[in-house]
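Welcome! Take a look at the sequence and the 3D view below, and then let us walk through some of the details together.

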Amino acid sequence: MRFLPQRRRTAQKPHPLTSTLATIAVATPILAQAFTFNHVPSPNLDFSNLGRIGIAGQFNGISLYEYEGQTVRPPTTNGSLSLLTELPNGVLSRVAGSDATIRTMCPMKLSNGDQAVVVAGNFTTIAGIKSTAIALFNTVTNKFTPLEGLQGEVNAILCDQANSTVYVGGNFKASNSTNAVAWNVERGWVTLPFAGFNGPVNAITRSADDHVIFGGGFTGLGNVSAPNEPDSQVINLSTARITSSNGATTPGFDDPSSIICSDGSDSPGQTWLVRDGSPGLWEAKFNFAFEPTKLRLWNTRKDGRGTKTWRFVALPMDGIMNFTYVDPATGKNESCTNLCPLSNDPDLEFQDFHFVNVIGMNQFQIAISDWYGAGAGFAAIQLLEDNIFSYAVQEFNEPKCGISFPSSANATGPWKLTPAVVSDSSYMTADLQAPISSSSASITFTPNIRQPGNYSINMYTPGCVQDNSCQTRGQVKITGLMSNGTVKANFSTSLHQTNYFDKYDQIYFGYIDATTENFKPSVTMTPLDGQDISQMTFVAQRIGFTLINATGGLNGLYDFDPSNPVINFASLDDSPVNKLGASFDHASEVTTLATDGDVTYIGGHFAAAGNNSNLIAIKQNETLALNGGLNGQVLSMQLQDNQLFVGGDFTNQHSGGQDGLQHVAVYDTKASRWSALGAGLNGKVEFITPFQVNISNKVEPAMAFSGSFSKCNAFGDFSAVTANGFAVWVLSKQNWLGNIEGSVPGYTGSLTSSLLDVLGGSSLYAGSLSSAELGANGAVTLTNKGLGHFPVKIERLVPKSGSTAQRRAVAASAQGVMPGVATGAFYTENGNNVTILAGHFSAQADGSGIDNLLFIDGKNNNALSGLGEGMSLESSFTTLAFHGSVLYAGGSISGTIDGADVSGIIAFDLASKKFSAHQPAPLSGGNGTVSAIALRPGTAEVYIGGSFAQAGALDCPAVCLYDDGSMQWTRPGNSLGGSAKTLMWYSKTELLAGGDLQANGSDSTYLAIYDAKTQTWQSFPGADKLPGPIDVLTPASSDNSKFWVSGRASSAARSIFIMQYDGKQWQSVDQLPSAGSVIESLQVFTVTKAHEKSDLLADNQVLMLTGSISLPEVGQVSAVLYNGTDYQPYALATGDNNGAGSIAKIFTQKDNFFASEVKHLPLVFVVLIGLAISLGLVVLLVVAGIALDRIRKRREGYLPAPTSIYDRGSGIQKVPPRELLEELGKSRPSDGSAPQI
């Protein structure tokens, strides 16, 4: 989370969530007045044979890559903010970046009808274009236009659409105005009738009567006041490069630098003369710029000589300057340009010439055109200015001659002088190396304050482009000692030095005592403690002090009527708004304003009449007390319907009586009642911005809070929720986003301003905010429909001072353990449905904590359970494997089970839901960690790989065998050493081990192979081609004969490598991810749509890389698909501590990644083969039918019919008629009935 350096906060008129504004363009393809988001091609991954799928890693949010322009840009730590918009999936996408803070925005229609957005802050560049503090974004042309002419920082703007005018307030100079100015679409910068304010403007709003109300830290109108002693700072000429033309050659009078710090006595070594009878030239060149207001000259009178006329030429603009002076002869005011006279009156010690125009310069010439007597010359010279500066380069500070307390600077550390390239002065640079702290270097500025009073202090910072240090600039802490009296005037703040071009920031506004012998005001700058950077370029240039008129008749509020161009200073108190401000106590400040109808709400740091503090309202002539206000400073307000959301540094109402108003509250403007948002936040709120959030595919209106808090406080049935400086209150749910069930997004960072529901339904945000489609900590599910939650809430391990989480995070960091979920598994044997998540994390179940390894029982209503007591909280599990119902879990773990120590690996029986009765003896030596577990197929042999030397009392380095049957350790072979990171069975009897190993006792190798039959190790063939130790190993074919490896080269570059063994030889991936990438796992997936063939992957396969992978134009990606030629982002994760998240592993219920590996015939051949088979079956059925019919007839006594004449005649015999008749007679029944046949 990044915090702004100033205590002044952006304030603007709130924009309701339902407002319809101009469309904002994005960096992705754009149509006029509408956003266009292009879908990326589908990855076409085939999940059909994998069962359930989970993703484990170190993240608090995750998204699938769906749209062009979708990136994960971690929240910046260098102070630079961006413009953001949301993609259709709810993920925020960057529109344009800046080099500093974007504080406010408002819509404005241009003269040609184009819709634009005015963007303002304290940046010096936006979208790569040099632009100081304010720019115009044309949403039709998608171009940024700098609004040139303003120098400083902008805190607030108000867009008046009806009059095409933008009111601008802040701490700046523009168009002869200070801290307030207007910009018109047609006319450009317009000076307001009152010429601005004598202090900064923090907020602007429009009242019901169309007046413009300014709020801030000012006390009067107009420009800053002049000091009582003008021209008080002496410009140091003694360190300038002094040259002359036509100078005299007389010893003691020939040195042009002798007149600097001279006493004007005309003595040798104190006077410079021009060659007699000739014009002359005196020139000074400086390494810093200045704005002189007075020139003081001592004329020479050496032997009657003297300068008569001269002119002053300012360089590098080569302009002759105009002066006013008092003629010593007449006493009248006169003016001169190119023939300025210098008196030779011996009674006149010196003569003053005042610059008509205050112009910046770093070089000047005095050209002498006429002289008295024999020639010209000077006895002394002095150049002065109104500005009060203290420079980091000591040579630029006031000279010590004639000044009691000259400005100065004292530095500690490795400082060096850096010449100015585009800056107006050289500066000091300290190149620091880690560890970097406030004691690494420091510089203390001591100004010469001649007059006590209220001052504005500005810190000037040179841009980083000129010295190519933008990547190493950091944050600085600034402390000030302003008074030693009764006035509390000391301060402390911080700044980012990452500006591309020169800028200044206001670091203090208040009282400063004058410099005396006993007290000297000072400002000290050091590196900010706690920066996580390896090197830092620390720069220091100068600080400026501007005196503020403390009696201007105002006090933080001013009511301006744009219809009245004439300001009547005598009638300021006629305005109820001005009168209300005048009632505030001394040193009050207004930080935020909001208008609702005819009521204007005013927030800040003040005490008003009637015991009202920090928040008050005014309705026409009536002051509204708002129940007495709040008991701490109000920094931001936003109005939504009749709900006024208020944020700041308060804990209750001013008079108490309302619980839960911790730094944030809501005031019902109709019911006149305060309400809590839950129980508030545990730290200061700096910004409130209208927001939209996608919850379960429904867009919900919300309010976003940014500040220096770490959690949303517990309330009701809801426990505290980690917030890390950014929290979202969902209006319809009346709850914090972290408490809402369902599919909710995740966010990390901060917001400063927003415009919602612009044309096309899109919104525009300003801030440093990374987002994810699904907010989840460490583990999510993956299906064809997308991402989902496991039925468990894993807590973020965000370090908090003095907390258990902090102690765990510190201890884990010391062991190289990162918080999050490292791996997972699904146990489905014997009808079970158990999900296991393992890593270094905490979760809650029924009020009790579960640490580092948890079980989700799907058969028991997703009941949650853990290992129970015995394991150290600092343990971190990295690998899992099953043998039957026994779960083996390894990692950097330790503990005590049943009175016995365990280390590296444990065994847990899922059937009995308790630790196995016999635990593997503890691993020791090395790091004592287990990185991989591989069960030998068809056996009870559990092979363990990691960084260890002994298993119990057994010497067993790198890889050790645990027999689940005998419950004993065995050393596989006797020749392997080193440490193993990954294991894989190459065949049923051959095991691959990758890491930093020694095979055969001494041969160094990065990949070794173990033969379980001969119990021998040897270096894998061709392993000498590997550039470094293997960290990741995965199959590339179903029989494991091909495989992928990844790691880092052992060379000094430590670049990553990805290689494939294709069964015969090694092949390398030529196009690798960018430097800085970390690959944690590799996995081959099949795809449903073929891609182009390559030598490395079949057209139906892709290789997924997970971890933290850097791709050009995309940034950090957590999962990437590689098709043999190109990379395509697959998943993007966000993480805590201002970083992108990472994916450690994608785990599945089934390992059928190569189920579709066998090639299928084309459909036409399949049809033809089917037809042939069908025809064959028909013929077979016919033949079988005929055969069966013959068999049946044979069984029934059928004989073949005669088939020839011979056959028919051979059985015929002649029967005599007598025999035939006898037979017929025999067949007739005796009763005379019909015969039977």
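Strand β3 (residues 53-58) and strand β92 (residues 1142-1148) pair in the antiparallel sense over 6 bridges. Here strands (E, at least two residues) are DSSP runs numbered from the N terminus, and two strands pair if DSSP finds at least two bridges between them. This is a predicted model, in which local features need pLDDT of at least 70 and side-chain atom pairs count only at pLDDT 80 or more, while totals for chains, interfaces and linings use all residues. Residues are numbered from 1 along each chain as its sequence is written, and side-chain values use heavy atoms, with hydrogens and water left out.

**Strands and sheets**

- Strand β92 is largely enclosed by the rest of the structure, because 6 of its 7 residues are buried (buried means under 20% relative accessible area, exposed over 50%, partly exposed in between, with a 1.4 Å probe and protein chains only).
- Strands of a sheet pair through backbone hydrogen bonds, either parallel or antiparallel.
- An open sheet of 6 strands, with antiparallel pairing, runs in the order β61-β4-β91-β90-β89-β88.
- At the edges of this sheet stand β61 (774-775) and β88 (1078-1086); each has a single partner strand, so one side of each is left without a neighbour in the sheet.
- Inside the sheet order, β90 (residues 1115-1122) and β91 (residues 1127-1134) form an antiparallel pair over 4 bridges, and Val-1120 has Pro-1129 in β91 as its bridge partner.

**Nonpolar cores**

- The largest nonpolar core has 72 residues, and Leu-295, Trp-310, Phe-312, Phe-323 and Phe-364 touch the most other members (such a core is a set of buried Ala, Val, Leu, Ile, Met, Phe, Trp, Tyr and Cys residues joined through side-chain atoms within 4.5 Å).
- Strand β22 (residues 280-290) gives the largest share of this core, 5 residues.
- Domain 2 (233-385) and domain 3 (388-548) each supply at least three residues to this core; the domain bounds come from an automatic or database domain assignment.
- A second, separate core of 46 residues includes Ala-1036, Phe-1085, Val-1087 and Met-1104.

**Aromatic rings**

- A search of the whole structure finds 62 aromatic pairs (rings of Phe, Tyr and Trp, its six-membered ring, pair if their centres lie within 6.5 Å; planes under 30 degrees apart count as stacked, over 60 as edge-to-face and the rest as tilted).
- One of these is the stacked pair of Phe-286 and Phe-364, with 6.1 Å centre to centre and 25 degrees between the planes.
- This pair links distant parts of the chain, as Phe-286 in β22 and Phe-364 in β30 (residues 361-372) are 78 residues apart.
- Both Phe-286 and Phe-364 are buried.

**Backbone details**

- Most residues other than glycine have a negative phi, and most peptide bonds are trans.
- The peptide bond from Leu-315 to Pro-316 is cis, with omega near 15 degrees, and Pro-316 is found in the loop between β24 (306-315) and β25 (319-320).
- Asn-468 has a positive phi, near 55 degrees; this residue is exposed, with a relative accessible area of 72%.
- Asn-614 also has a positive phi, near 70 degrees, but Asn-614 is buried, with a relative accessible area of 5%.
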